[in-house]
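The following note sets out numbered points for a colleague who is reviewing this model.

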Amino acid sequence: MSKPIAALIYDFDGTLSPGNMQEFGFIQAIGKTPGEFWKMSNDLAAGQDASDVLSYMKLMFDEARKSGIKLRRDNFLEFGKNIELFDGVQEWFSLINRYGESRGVRVEHYINSSGLKDIIEGSSIGREFKHVFAGTFIYDANGDAEWPGIAVDYTAKTQFLFKISKGIFSASDGKMVNSSIAEEKKRIPFANMIYLGDGETDIPCMKIVGMFGGHSIAVFDPANEKKKSLAKKLLRQGRVAFAAPAVYSKGERAYRIVCAIIDKIKADSELKSLSKF
């Protein structure tokens, strides 16, 4: 019997990192504070009745140009190196991979974020992911950003779940993701998905994963009472199956929950195999 695959799908900001990724270098480079930048972004979105995500991407582009800063892939990768992570994140991936291996389950890690792919890939954990679904810019012949390429809002996030299930890693694909595939032929069934997120943009994904038999976990910064209250609310409303502090060390609540789900994925796989007679 082939090993079942468990897909751990993470939001990034507030889930693996305590802040927004733009706050670890870019905002300082344009001479703004995080509060100033996000107020400008929110005001732009409200004033134009525009997407929050496209508004922050435009603001990055405009403010970088005013400050004489080039927005290039190399610059984004450099900003990524400065990202701070929650306790235990650095060791988390190897811990969970080893646990899955000990149970006969193959573990894959994915990002599903409204942030920027190039910044995430430049972070110290960028190589841990099978694929990063996140926002991008289109670059001109000189390598300079000139237009948004992918803007990821909560609706786009749900699309990426279906791509992960079907093993599609192209952001531009709009055909295969909508094709009909029998559940048993999908690379990763929804029941084998574990979604970890912290915010409102994660709720549709959390709900979909749960509806199709997977498991969603609301994580929160243990130092942020507002985030803790939101996680409890999501749990109370049935949007998620579990809530845990964003502490990823061995033995902590998040670790124990994920290990228990991996055990279940293995047991379900074995029972499914035994049902064939």
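1. β5 and strand β6 (residues 215–220) run parallel and are joined over four bridges; strands are taken to pair if DSSP finds at least two bridges between them. Helices (H or I, at least four residues) and strands (E, at least two) are DSSP runs, numbered from the N terminus.

2. The model is predicted: local features need pLDDT of at least 70 and side-chain atom pairs count only at pLDDT 80 or more, whereas totals for chains, interfaces and linings use all residues. Residues are numbered from 1 along each chain as its sequence is written, and side-chain values use heavy atoms, with hydrogens and water left out.

3. β5 also pairs with strand β1 (residues 5–10), in parallel and through four bridges. In this pairing, I9 is placed opposite Y195 of β5.

4. How is β5 covered on its two faces? M193, Y195 and G197 on one side, and I194 and L196 on the other, are all buried. Buried means under 20% relative accessible area, exposed over 50%, and partly exposed in between (1.4 Å probe, protein chains only). Because five of the five residues of β5 are buried, the strand is largely enclosed by the rest of the structure.

5. Strand β3 (residues 131–139) is likewise largely enclosed by the rest of the structure, because seven of its nine residues are buried. Strand β2 (residues 106–116) runs parallel to β3 and is joined to it by four bridges, with N112 opposite F133 of β3.

6. With strand β4 (residues 145–150), β3 pairs in the antiparallel sense, again over four bridges. I138 has W147 in β4 as its bridge partner. Five residues lie between the strands of this hairpin, and G143 takes a positive phi near 90° there.

7. The protein has ten helices and seven strands. Its radius of gyration (taken over C-alpha atoms) is 19 Å, close to the 19 Å that the globule rule (2.2 Å times the number of residues to the power 0.38) gives for 277 residues, so the protein is as compact as a globular protein of that length. Along the principal axes, the C-alpha atoms fill a box of roughly 70 × 45 × 35 Å.

8. Of the 277 residues, 49% are buried. Among contacts (heavy atoms within 4.5 Å) between residues at least 6 apart in sequence, 62% join residues at least 24 apart.

9. I125 is located in the loop between α6 (117–122) and β3. It counts as buried because its relative accessibility is 0%. Apart from neighbours within four places in sequence, I125 is in contact with F12, L16, L85, V89, Q90 and F93.

10. Is K186 buried or exposed? K186 is buried, with a relative accessible area of 16%, and lies in the loop between α7 (154–166) and β5 (193–197). Residues up to four places away in sequence aside, K186 touches S165, K166 and I181.

11. D49 lies in the loop between α2 (34–48) and α3 (52–66). At 74% relative accessibility, this residue counts as exposed. D49 has a positive phi of about 50° although it is not a glycine. Most residues other than glycine have a negative phi.
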